[in-house]
Amino acid sequence: MRDIKALIIALEGSVLLLLGAASIVSGRFFGAAILVGLASLAAASAWALWPSGR
Amino acid sequence: MWGYAAVGADIYTALGIITLAALGLAPLAFLAAGIVFALVGLCYAELASAYPLAGGGQYFTLRGLGDLSGLVAGAALVLDYTIDISLFTVVAFGYFNYFLPWITFGHHISDFTTTIGPIHLAWLWLVESLAGILVLIWLNVRGIKVSTNFNEIIGTIAIVAQTVIVLAGFILVWKPELVANEFLFDRPSLSQFAFGSSLAIIAFVGLETISQVAQETRRPATIIPRTSIGLVISVLLFAMAFSVLAVGLVHPTEFRGHEGDPVALIASKIPVIGIVAAPLTAAIGALIVFISANSGVVSSSRLSYSMSQFDLLPAWFSRVSKRFATPARAVVVFGGVALLQTIFAFFTPGQPGKSAAIDVLADLYAFGATTGYLLVFISLFVLRLKDPFTPRPYKMPLNIRMTYKGNQVWFPVLGLLGFLGVLFFLIMVILTHQYARIIGPLWVIAAVLLFMVYRRKRGLPMFKTLPRDWETATKKVLLEAEEFKSLEEYEAALSEHRARTGEPGIDLPGTQR
């Protein structure tokens, strides 16, 4: 069950990263900084929750 | 197995009150509390994997600093668990009341209030909350077995729902320029910010709950650190995401009147899916927050059981009911305290036209958490210096190597930062929380008085730490947890020390000579 949580958070992270990239392209750098920050937080939590030995 | 429910529920409770207090800088308030919380999380990961015993912060403090400090930490944390019960039950019914207009043909909770002088009493909400707490007491006295699968499924549904709201919100309606605008022009005063960020501790409770179940975990050395760190980061992620989303979606003052169902407010602002997402969020919020309230009942009885095992509380508390095989007395006592707190909170005068219940309970909460965590950090230092023999499967990062009484020890630099952070928050709580600064210390003093009376009656020394055989205790814990490698390392470290210095090695409060 824990791998599902890690997966959901990883997916969330990738979408946040995409949104961040879109914001950079459209020149909204303040928003982009926040979104990329949240995406990296998501990546870290997905990594920490990811089941070991896989 | 570890319910995200226990930790993830907190943002459902905290979002509204904190955004109202810290206004445009709410994300920063969450971040400030979140950084300190992350350090507390690392500290708990180290201590709970090294000493996997029910009792959590109270046990670490007892072991590092002795009986009286252990009692103070335990009392502070028990206070928090009782507030957990009342605060989370009140908020669970806040989310439930989202559906009230559907049941009562268009009446809102504000229609079921009466004004008595300065008191704005939401009587229906009070009655619901009291009934909710009574149900929790009844369930726990009878002894319920909530299956771990049930918790897992609810936790996963909550994560999915939160993720959907966060992403849909960011994609469809979030305005970064509104965030920037709020940051620049809607700043709270310094004391409002201090109040808001010290409230934000609520968004990050639940760590204690994890250490409470450490004893029931097999192979705690590998499982506890990973789970704690994973939880810390993912809770931080959701708290940050929700607060940034909230500030870029609605004006902070819109949360007024929605302290009971803040996440449902956010969900309702999302176009298209909002019409379904808002009631769904309210339903999930009500359920998950109520489960969290239940974990308050469970943890307060576990903690008081642990305290009476160490002669900090009368054995009366740890007596198990013969009929139901549950710690019925502790459940009834602390459930009763929660009932009183709820009544007190609802009868406190607040701002005109609004019930002060959630504000009062949240205000009280921060004292117990900061006091408990502060003592746990001090114990971390003491245990690192005086008990370098117990194997630590996980150590807080960033340490300075030094020699203490002939032993090589590691001084935790991050631990020191965490200690300073928690101390800062404790000072903020005492400066800005008008209820906590009076009721918190009174509660601790009451616990110390009870402790003195009990010790006097039993003929035990009042302020001296009772003799305890920590070496055998550690070996027993490691054996029961099936941590055989750690057990070998522990025995080897102790015998090496004894051969080298000729001293017994363990120099903790209460060690028998």
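**View 1. Salt bridge between Asp311(B) and Arg458(B).** In this predicted model, Asp311(B) forms a salt bridge with Arg458(B), with 3.1 Å between the closest N and O atoms; a salt bridge here is a side-chain nitrogen of Lys or Arg within 4 Å of a carboxyl oxygen of Asp or Glu. Because Asp311(B) lies in the loop between helix H13 (274–309) and helix H14 (328–346) of chain B, and Arg458(B) in helix H17 (residues 436–458) of chain B, the pair ties together parts that are 147 residues apart in sequence. Helices are DSSP runs of H or I with at least four residues, numbered from the N terminus. Over all chains, a search of the whole structure finds 12 salt bridges.

**View 2. Surroundings of Ser321(B).** Ser321(B) is placed in the loop between H13 and H14 of chain B. Its side chain reaches the backbone nitrogen of Phe324(B) at 3.1 Å. When neighbours within four places in sequence are left aside, Ser321(B) is in contact (heavy atoms within 4.5 Å) with Thr326(B) and Ala328(B).

**View 3. Interface of chain B and chain A.** Contacts join 29 residues of chain B to 25 residues of chain A. The area buried between the two chains (the accessible area, 1.4 Å probe, lost on being put together, summed over both) is about 2,400 Å², and carbon and sulfur atoms give 79% of this area. In chain B, Arg226(B), Ile233(B) and Leu237(B) lose the most area to chain A, together 25% of what that side buries. The count of salt bridges between the chains is 0, while 2 residue pairs are in polar contact across the interface, both at pLDDT 80 or more. A polar contact is a pair of N or O atoms within 3.5 Å, in which, within protein, one must be able to donate a hydrogen and the other to accept it; residues adjacent in sequence count only if both atoms are side-chain atoms.

**View 4. Helices of chain B that touch chain A.** Helix H7 (148–172), helix H8 (176–185) and helix H11 (220–247) of chain B each supply at least two residues of the side that touches chain A. The largest share of that side, 12 residues, comes from H11(B).

**Notes.** Residues are numbered from 1 along each chain as its sequence is written, and chains are lettered from A in the order in which they are written. Local features need pLDDT of at least 70, side-chain atom pairs count only at pLDDT 80 or more, and totals for chains, interfaces and linings use all residues, while side-chain values use heavy atoms, with hydrogens and water left out.
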